[in-house]
Amino acid sequence: MQFRDLKTQYQQLKREIDESIANVLSESNFISGIQVIELEQQLAEYIGVKHCITCANGTDALTLAFMAWDIKENDAVFVPDFTFFASGETVVFEGATPIFVDVEERTFNISPNSLRDAINRVLEEGKLKPKAIVAVDLFGLPANYDKIREIAEEYHLLLLEDGAQGFGGMLHKKRACSFGDISTTSFFPAKPLGCYGDGGAIFTDNDEWADLIRSYRIHGKGNDKYDNVRVGMNSRLDTIQAAILQVKLNAFQQYELQAVNQVAKYYTKELKEYVQVPIIPEEFYSSWAQYSILLESRKQRDGLQEYLKKNGIPSMIYYPKAMHKQKAFQEIDCAITDLSITEILCDRVLALPMHPYLDKREQDKVIWSIKEYMKSIK
Ligand SMILES: *Cc1c(COP(=O)(O)O)cnc(C)c1O
């Protein structure tokens, strides 16, 4: 059994993907080929935003957004404490200070109350200027944008949606990656929509930021690549990756997104009496980058993981360490409010196999094994 089965997906889509790659090879426009422009239009339409700008990976997408906003030294950027390292790393990369915010136990996403506390605390201390909020759509579930948008407006903060795991999710029938002033995603192979290497994209309705990001992405170009009006980076999506993503976006829209939701529904129905299952609040829709259950203790979680492993079932711990505990952030005054929910989650979460090609027999095996383990420790 695979945790995320990219081989089966390729077997299903092989004919179309091979053809798509072969086209790029014969055209030989490996950088900025027509497929990149087409994909950007398709993605912008799917998400429902004016601009989509692809780039080299989801980390660069965050960096490019911060560059467009001129995030710099003495700026405070509020980031959930329970997320992938890049959400905070890119803030420090720009010279700004990440202020880590606790999350909600039920959704794993940034807690609006903790966010408000952290902003007020920074204002009281008076050393940093609150500038932006990074809301992460963790495990595929959009963050609580109704409340977060309200807070962003109240304190005049920019809102960045880190939708690296959220692509395909929805809130009030609106797609993830449309909720930030700028939103970003990643096409790392294991994300909800993945390519065959690194890739990423930035989404916004703002013309000025879109122009800036298009420039920063290619060496701060002006009218052309050899007219350089600002210092930027080299962060493009390869034409081959765009061609692969065109095929995969189609499968994602046609059936993959529904398929993972079906797996999640079945897991939840069967497991909810045994472990704490993920909650999808009313009006929200997840793209199930992960299906993470919550155990009662670290000991129970580690015991279950061991038991699953013995039965040939892969599982993962996202994330074993809170952001504010990462060694790379130890010199920074980044933990100024209570972050205890994150610490609890790090000890107790476990992600189960989840992908669109997980068959019924495999799902049943996962469910049966968890039930057996939970009964054995009663
Ligand atoms: C994967 C991920 C990123 C970074 O994306 P890459 O394409 O790997 O650079 C950023 N934020 C979150 C929440 C992620 O899960």
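Tutor: Here is a short walk through charges, patches and backbone.

Student: What sort of model is this, and what pLDDT do local features need?

Tutor: It is a predicted model: local features need pLDDT of at least 70, side-chain atom pairs count only at pLDDT 80 or more, and totals for chains, interfaces and linings use all residues. Numbering runs from 1 along each chain as its sequence is written, and side-chain values use heavy atoms, with hydrogens and water left out.

Student: Salt bridges next. How many turn up in the whole structure?

Tutor: The search finds 15 salt bridges. The criterion is a side-chain nitrogen of Lys or Arg within 4 Å of a carboxyl oxygen of Asp or Glu.

Student: Which residue does R149 pair with?

Tutor: D181, at 3.1 Å from N to O. That pair links distant parts of the chain, 32 residues apart: R149 sits in helix α6, D181 in the loop between β7 (174–175) and β8 (182–186). Helices (H or I, at least four residues) and strands (E, at least two) are DSSP runs, numbered from the N terminus.

Student: What about R301, buried or exposed?

Tutor: Buried, at 2% relative accessibility. The R301 side chain meets that of D302 in a salt bridge, 2.7 Å from N to O. D302 is partly exposed, with a relative accessible area of 32%. Salt bridges with shared partners join R298, R301, D302 and D347 into one network.

Student: Which buried lysine has no salt bridge?

Tutor: K248. Its nearest side chain of opposite charge is E256, 6.5 Å away. Lys and Arg count as positive, Asp and Glu as negative; His and the chain ends are not counted. K248 lies in helix α8 (residues 239–271).

Student: So what does the K248 side chain make a polar contact with?

Tutor: The side chain of Q9, at 2.7 Å. A polar contact is a pair of N or O atoms within 3.5 Å; within protein, one must be able to donate a hydrogen and the other to accept it, and residues adjacent in sequence count only if both atoms are side-chain atoms.

Student: Switching to the surface. Which residues form the negative patch?

Tutor: D146, E150, E153, E282 and E283. Patch members have over 30% relative accessible area and no salt bridge; like charges are joined within 9 Å, nonpolar side chains (Val, Leu, Ile, Met, Phe, Trp, Tyr) within 5 Å. Each charge is placed at NZ of Lys, CZ of Arg, CG of Asp or CD of Glu. E153 is in helix α6 (residues 145–154) and counts as exposed at 53% relative accessibility.

Student: Which residues make the nonpolar patch?

Tutor: L25, F30 and I31, with about 270 Å² of accessible area together. Areas come from the Shrake-Rupley method with a 1.4 Å probe; for residues, only the protein chains shown count as cover. F30 is in the loop between α1 (6–27) and α2 (34–47).

Student: Last topic: backbone. Where is the cis peptide bond?

Tutor: From Y318 to Y319, with omega near 5°. Y319 is in the loop between α9 (298–310) and α10 (340–348). Most peptide bonds are trans, and most residues other than glycine have a negative phi.

Student: What is phi for N74?

Tutor: Near 75°, a positive value in a residue other than glycine. F139 also has a positive phi, about 60°. N74 is partly exposed, with a relative accessible area of 46%, whereas F139 is buried at 4%.

Methods:
Buried < 20%, exposed > 50% of the residue type's maximum accessible area, 1.4 Å probe, protein only.
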